[in-house]
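Here are a few notes to read alongside the model. Take them one at a time and find each part as you go.

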Amino acid sequence: MDRIRIVGGNELHGVIPISGAKNAALPLMIASLLTDDTLTLENVPHLADVEQLIRILGNHGVDISVNGRRERQGESYARTIHFTCRNIVDTTAPYELVSKMRASFWVIGPLLAREGKARVSLPGGCAIGTRPVDLFIEGLQALSANIEIDSGYVNATAPAGGLIGARYTFPKVSVGATHVLMMAATLANGTTVLGNAAREPEVVDLANCLNAMGAKITGQGTATITIEGVRSLSGARHRVLPDRIETGTYAMAVAMTGGDVILEDTDMALLDTALEAIRRAGAEITPTNSGIRVVRNGAGIKPVDIVTDPFPGFPTDLQAQFMGLMTKSNGVSHITETIFENRFMHVQELARLGAKISLSGQTAKIEGVSRLKGAPVMATDLRASVSLVIAGLAAEGETMVSRVYHLDRGFERLEEKLTRCGAHVERVSD
Ligand code: EPZ
């Protein structure tokens, strides 16, 4: 199994191209199930999760072709992928596939809307918490779906004439349930109004793509989304928005090591709250024509307290990375996680590098240390693993991160992007 070897101590200088967002690409790909026409997505990142979803969609009858590779510095990236689902050949999403990637549960929305039925495995537990699906079920029931849970599967059926638009207010903000209800409502009879909807940029990206396919959605990006059902959707061409989590991760890496890096093909507006926290920690952040410049010279890292929250709050998907940065601050900081109940798996691993962190409930107290020392560490989930990379970049000596498959789920060419900026990072295959 591959590992990542990091020798810490180098500043980062150069340009890092930011990929298309994984968490936008996945629901956008799933939206291809809603039409018999071709949905073309540009700027799709090359990630293990995307490849896995390609396999899952293939099972349901989606024809997929990859082309239009854009060349940069001799390498292809930002793929253009065509998805065509003339007929849905299977409305079942089996446990073997759904348990590997939670987002594949989201096919329930389009399958139910287009075929009137879906049988989708419950996703099961995952490292960061229990992550139930009650909001999906309640929301689909509000659209008049009949739902039964049987032998680990959710069996959903729509009334004979299709789903029926309704008002539904989420008792808790959920990105996935917002994606699913929005997709399901596009083909429902009548109008659906979703209250307390997720406002994440990826929800807006999906709504914009659905509108390009002929849907009638308004209010995306606010807490109230209105979807007027239409009879059918057509194909469209849509560019996946930049990955705000990758952007924030590299911005934190530069704040950690010091240096001067341009993050290209991204947009500050996608992550205001996180950038503000990085600024307060001592980095200068300015917009450029096509992205963001992050600089930290000389001055040390200041302690900053953060609390994770749904968008526009500080993203839970950047919490581990920010903790990595805070391990070397010149004071005491606190990080409170409010979205997932078990998203502190990185604490024990950061401690192996010399970090001083104590946990009390959902809050971590981080006492900054002046030096971290490289050690073998283990990745436990996607964002936790990249926090270990950030810490390793500023640790003395060698850090070896194992279980790199977590990183490959969400970071495209991480070691190449960092190496080009002067870091000593390499993939070691056993
Ligand atoms: C999305 O997950 C992202 N995944 C996650 O990113 C991200 O951490 C999360 O949103 C929060 O921003 C993708 O977009 C593919 P939620 P999702 O439903 O949609 C609870 C990463 O590292 N909940 O917004 O699954 C849930 O347990 C991943 O890229 C219910 O209680 O998250 C959690 O506490 C990890 N019942 C909270 O809501 C439900 O039916 C928010 O989860 C659904 C969710």
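1. Start with the sheet: it is open, has four strands in the order β2-β17-β19-β18, and its pairing is mixed. Strands here are DSSP runs of E with at least two residues, numbered from the N terminus, and two strands pair if DSSP finds at least two bridges between them. At the edges sit β2 (12–17) and β18 (284–287), each pairing on one side only. From one strand to the next, the twist averages 15°.

2. A word on the source: this is a predicted model, where local features need pLDDT of at least 70, side-chain atom pairs count only at pLDDT 80 or more, and totals for chains, interfaces and linings use all residues. Residues are numbered from 1 along each chain as its sequence is written, and side-chain values use heavy atoms, with hydrogens and water left out.

3. Now look at β2 and its partner β17 (residues 259–264): they run parallel and are joined by six bridges. In this pair, L12 stands opposite G259 of β17.

4. Next, two helices (DSSP runs of H or I, at least four residues). The axes of α8 (residues 244–257) and α12 (residues 382–393) come within 9 Å and cross at roughly 25°; axes are lines fitted to C-alpha atoms over the stretch in contact, with angles from 0 to 180 degrees between N-to-C directions. So α8 and α12 are roughly parallel to each other (angles under 35 degrees count as such).

5. Who touches whom? In α8, the residues I245, T249, M252, A253, M256 and T257 meet R383, V386, I390, A391 and L393 of α12, with contact meaning heavy atoms within 4.5 Å.

Methods. Parallel < 35°, antiparallel > 145°, perpendicular 65-115°, else oblique.
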